[in-house]
Structure formats: structure tokens, C-alpha cells
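In these entries I record what I looked up, topic by topic. I begin with charges and rings, and then turn to cavities and salt bridges.

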Amino acid sequence: MSTRVARYIRHGKFYVEGWLRTEAALVIAALNARQRALDVKGGIAEIGVHHGKLFILLYLLCRAPEKAVAIDLFEDQHLNVDLSGSGDLAKFRRHLSRHADDARLVLHQGNSMDLAGADLVRLAEGPLRFISVDGGHTAEITAHDLAVADAALAEGGIIVLDDAFNEQWPGVADGVQRYFVREPNLVPFAIGANKTYFCRPSHRDAYRAAAAAVASDTTMPEFLGEPVAFLQFTRPGLRDRLKDRLAGSPAWQRLRTTPVGLPLRWAWHTARTLRRGLMRREDF
């Protein structure tokens, strides 16, 4: 993972409004690395970029001559039938310029319902290897956007869908079911951190293993008739990280009960309490 990508995941993305958990960002970065190892080629795209939180990550993960296609209603919010997002072109451009360039950016302002897979291939100047589907959250729009992404997908490409299991947006799950009634050449391979991942059957095992390697633990339920890796994540707290480092320190064991160590321990517990109250909330 490059320094720019790591910096954006750990720091920069928290200052871009939107929905992207750190765990999902790490899975996407790992899948990108597996694609590179397999020599999968193609651009990236996102349907529904909002202010660019995920798109910027995808942009940082791609490289010339790969195109990065951003599709959103942006200022045409009167077409936003379910109010599932609120794209803002000025904010999107400002965030992108803060973290990357725009040399490979292809911007399309409009309704994804007016697009076909061939349009997406034309915009990207070829099939795409990574497509995020996060546009309208109705069943009709979800099924349509999945069809567009599927038709534009390169061999070895990945589709990542947002909110398929989010109870606030049942239309997304309905749309997935509607699309898969058509029996596309597409299979799910992982679910986790509010993202669901799809690819061609030929790459399922490789991508499932790459995603699972990022998780703390995995189970293998079935979804759409296919075994998928359900990715589970646990975050070690600061106390646990420091405990691991200090447990074997003879100096700390001697210091902790001294007149110097006792105030340090009090300060530590006080700071932990304050941190819990002020902790930056991870977005969904």
C-alpha cells in the first residue's frame, strides 16, 4: 500500500463527508493489490460519488493510463428520488484536489438510469476493473446500476455494492435479488463493513482469500446460492495495544507502583475516560 493511500485511509477520509468504514477501505486496498498481482487491467468508476469519500480512494489506487469515472446527479438533485445521498460537485472537486490530481478524472453529471454498460466503457475508454455501485437505493435503480456495472466489467473486475444489508435501505437488497433472477455471470464473494463484493466466478476464490486476509475473523454463509466470506473486524483499543507493549517491560513493572507511576496510571485512566467521550465516530 502506498503512503498516499495509507494516509488517506487513516486520516484524510475522515474529513470527507460520506460513508466508508476504515475496514472496508482496507479490504478494497487489499483487493486492488490482488488485482495488480493477477495483472487485471482497466479503469475504475463509481456510480453515486456524493462528496468523493470512496471515489478518492479508488482514484489513488488506480494509475495511468487507467481512467477514473465519477457518476453522480451532483447539482440535479431534483432527480434524487429517494434522497439516498446529496452529491455536490464543488465539494467533490475540492476534496479530490486535496488528496490527488484530476488528470485521469472523467466526470459525468447525470442520471445513471440513462446509462448502459457501453456508455460506461466509452467513458472509461475500456472495460473497468473496479466499480462501486452506490447510486439511488431503490430496487429499480440498484438492479439497473448492477446491470450497467456488470456489462462494463473487465475480466477479473470487481463490483462493490453499498448498503445491501443496511436496514435503512431495503430497496438495495430487493434490487440485488431482482438482478440475480437474470442469472448473470457474476457471483458474490465477500460481505463486510456495509459492503458486498461481486466478481466473475473465475476470480472468486482469489478475491475471497484476499478479502478474508484483512478481517479479524470470517465465517462462510451462503448468499445468492454461493459461499461468501462474511468479514468480521475487531479493533484493539489503545489500552490493549499499550498493554501488549508494556507487559514485558521490567522498567514499567518497577515504576507502576512508585510515587511516579501512580500519577501516571491515574492520568492514563482519566485520559481514557475523556477519549471515550470525545472519540471520533466512525461513519456507517
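**Entry 1: Charges over rings**

I found arginine 104 over the face of tyrosine 59, at 4.4 Å from the ring centre. I note that the model I am reading is predicted. I also found lysine 13 over the face of phenylalanine 14, where the distance to the ring centre is 4.2 Å.

**Entry 2: Aromatic rings**

I next asked which aromatic cluster includes Tyr59. Tyr59 forms one aromatic cluster with Phe55, Phe74 and Phe92.

I then looked up the aromatic pairs, and the count came to 8. One of them joins phenylalanine 55 and phenylalanine 92, with 5.5 Å from centre to centre and 65° between the planes, and it is edge-to-face. Phenylalanine 55 belongs to helix 3 (residues 53-61) and phenylalanine 92 to helix 4 (residues 89-99), so this pair ties together parts that are 37 residues apart in sequence.

Phenylalanine 74 is in the loop between strand 2 (68-72) and helix 4, while phenylalanine 92 is in helix 4, so the pair ties together parts 18 residues apart in sequence. Both phenylalanine 74 and phenylalanine 92 are buried.

**Entry 3: The cavity**

I searched for cavities of 30 Å³ or more and found 1. The largest cavity has a volume of about 30 Å³. Its lining includes Val133, Asp134, His137 and Leu161. I sorted the lining residues into 3 nonpolar, 4 polar and 2 charged.

**Entry 4: Salt bridges**

How many salt bridges does the structure hold? I recorded 11 salt bridges.

In one of them, lysine 41 meets aspartate 39 at 3.0 Å, N to O. Both of these residues are exposed.

Arginine 122 and aspartate 119 form a salt bridge in which the closest N and O atoms are 3.7 Å apart. Because these residues are 3 residues apart in helix 5 (residues 117-124), about one helical turn separates them. Arginine 122 has 54% relative accessibility and counts as exposed, whereas aspartate 119, at 23%, counts as partly exposed.

In helix 8 (residues 204-212), arginine 208 and aspartate 205 lie 3 residues apart, and their side chains meet in a salt bridge at 2.9 Å, N to O.

Methods:
Residues are numbered from 1 along each chain as its sequence is written. This is a predicted model: local features need pLDDT of at least 70, side-chain atom pairs count only at pLDDT 80 or more; totals for chains, interfaces and linings use all residues. Side-chain values use heavy atoms; hydrogens and water are left out. Rings of Phe, Tyr and Trp (its six-membered ring) pair if their centres lie within 6.5 Å; planes under 30 degrees apart count as stacked, over 60 as edge-to-face and the rest as tilted. Helices (H or I, at least four residues) and strands (E, at least two) are DSSP runs, numbered from the N terminus. Buried means under 20% relative accessible area, exposed over 50%, partly exposed in between (1.4 Å probe, protein chains only). A charge sits over a ring if NZ of Lys or CZ of Arg is within 6 Å of the ring centre and within 35 degrees of the ring normal. On a 1 Å grid over the protein atoms alone, a cavity is a set of points where a 1.4 Å probe fits but cannot get out, and a pocket is an open set with protein on both sides within 12 Å along at least five of seven lines; lining residues have an atom within 4 Å of a point. Grid points are joined across faces, edges and corners, and a volume is the space filled by probe spheres set on the points. Ala, Val, Leu, Ile, Met, Phe, Trp, Tyr, Cys and Pro count as nonpolar, Asp, Glu, Lys and Arg as charged, and the others, Gly among them, as polar. A salt bridge is a side-chain nitrogen of Lys or Arg within 4 Å of a carboxyl oxygen of Asp or Glu.
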